[in-house]
Amino acid sequence: MISFHLARADNGVIGRDGQLPWRLPADLKRFKAQTLGRPMIMGRKTFESFPAPLPGRRHIVLTRDAGWQAEGAEVAHDVAQALALAGEDAAVIGGAEIFALFLDRADRIELTEVHCDAEGDAHVPAFDPAAWTEIAREAHPAEGDRPGYAFVTLTRRE
């Protein structure tokens with residue numbers, strides 16, 4: 001199974017300067033629960049945004065840079081190579097270019113809809129409702145300076 005794991009603002013923003021434009025501890029906790037023990041496929045910029053490799057997960061980094069390497073990263077240079085490293089089960093975690101490369105192969109999307117119009121430089125368009133079925137939604141209201149959000153699970157239509 002190939003699953004996407006991302007948080008996206010109402011205007012499609014997923015990142016700003018290599019970071020998340022919001023702080024939602026519940027989203028980070030959900031991300032950890034869903035990716036722990038699984039190989040994660042990501043782009044180089046996403047890997048480099050972490051202070052250190054995340055414990056309990058393999059980090060498969062898809063990059064065009066043939067000479068790039070980093071402690072804790074398994075390097076792939078194309079989608080097929082990344083999937084060969086990951087095996088049957090992979091969590092695709094971004095960024096925007098990586099989501100676009102794997103969209104036609106994804107089986108499931110674990111999405112946090114962040115109810116705000118965030119400023120950012122990384123965007124992911126809305127997922128086509130003709131291709132995806134929403135099977136779960138858990139809404140959370142805004143609290144203090146944190147925007148409202150919803151945990152949403154989508155599966156590919158047959």
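Student: What makes the largest nonpolar core a core, and which residues have the most contacts inside it?

Tutor: A nonpolar core is a set of buried Ala, Val, Leu, Ile, Met, Phe, Trp, Tyr and Cys residues joined through side-chain atoms within 4.5 Å. Here the largest such set has 27 residues. Phe4, Leu6, Ile41, Val92, Phe102, Ile109 and Phe127 have the most contacts inside it. The model is predicted: local features need pLDDT of at least 70, side-chain atom pairs count only at pLDDT 80 or more, and totals for chains, interfaces and linings use all residues. Residues are numbered from 1 along each chain as its sequence is written, and side-chain values use heavy atoms, without hydrogens and water.

Student: Which element gives the largest share of this core?

Tutor: Helix α3 does, with four residues. Elements giving two or more residues include α3 (79–86), β4 (58–62) and β6 (90–94). Helices (H or I, at least four residues) and strands (E, at least two) are DSSP runs, numbered from the N terminus.

Student: What does Val92 touch, leaving out residues up to four places away in sequence?

Tutor: Contact means heavy atoms within 4.5 Å. By that rule Val92 touches Ile2, Ser3, Phe4, His5, Ile41, Ile98, Phe99 and Phe102.

Student: Why does Phe4 count as buried?

Tutor: Buried means under 20% relative accessible area, exposed over 50%, partly exposed in between (1.4 Å probe, protein chains only). Phe4 has 0% relative accessibility, so Phe4 is buried. Phe99, at 3%, is buried by the rule too.

Student: Why is the pair of Phe4 and Phe99 called tilted?

Tutor: Rings of Phe, Tyr and Trp (its six-membered ring) pair if their centres lie within 6.5 Å; planes under 30 degrees apart count as stacked, over 60 as edge-to-face and the rest as tilted. The centres of Phe4 and Phe99 are 4.9 Å apart and the planes stand at 50°, so the pair is tilted. It links distant parts of the chain, 95 residues apart: Phe4 lies in strand β1 (residues 2–9), Phe99 in helix α4 (residues 96–102).

Student: Which residues do ring pairs link into a cluster?

Tutor: Phe4, Phe99, Phe127 and Trp132. The structure holds five aromatic pairs.

Student: Why is β7 described as largely enclosed?

Tutor: Six of its seven residues are buried, so the rest of the structure largely encloses β7.

Student: How do β1 and β10 pair with β7, parallel or antiparallel?

Tutor: Two strands pair if DSSP finds at least two bridges between them. β1 and β7 have seven bridges, in the parallel sense. Ser3 has Arg108 in β7 as its bridge partner. β7 and β10 also have seven, in the antiparallel sense. There, Glu113 stands opposite Ala150 in β10.
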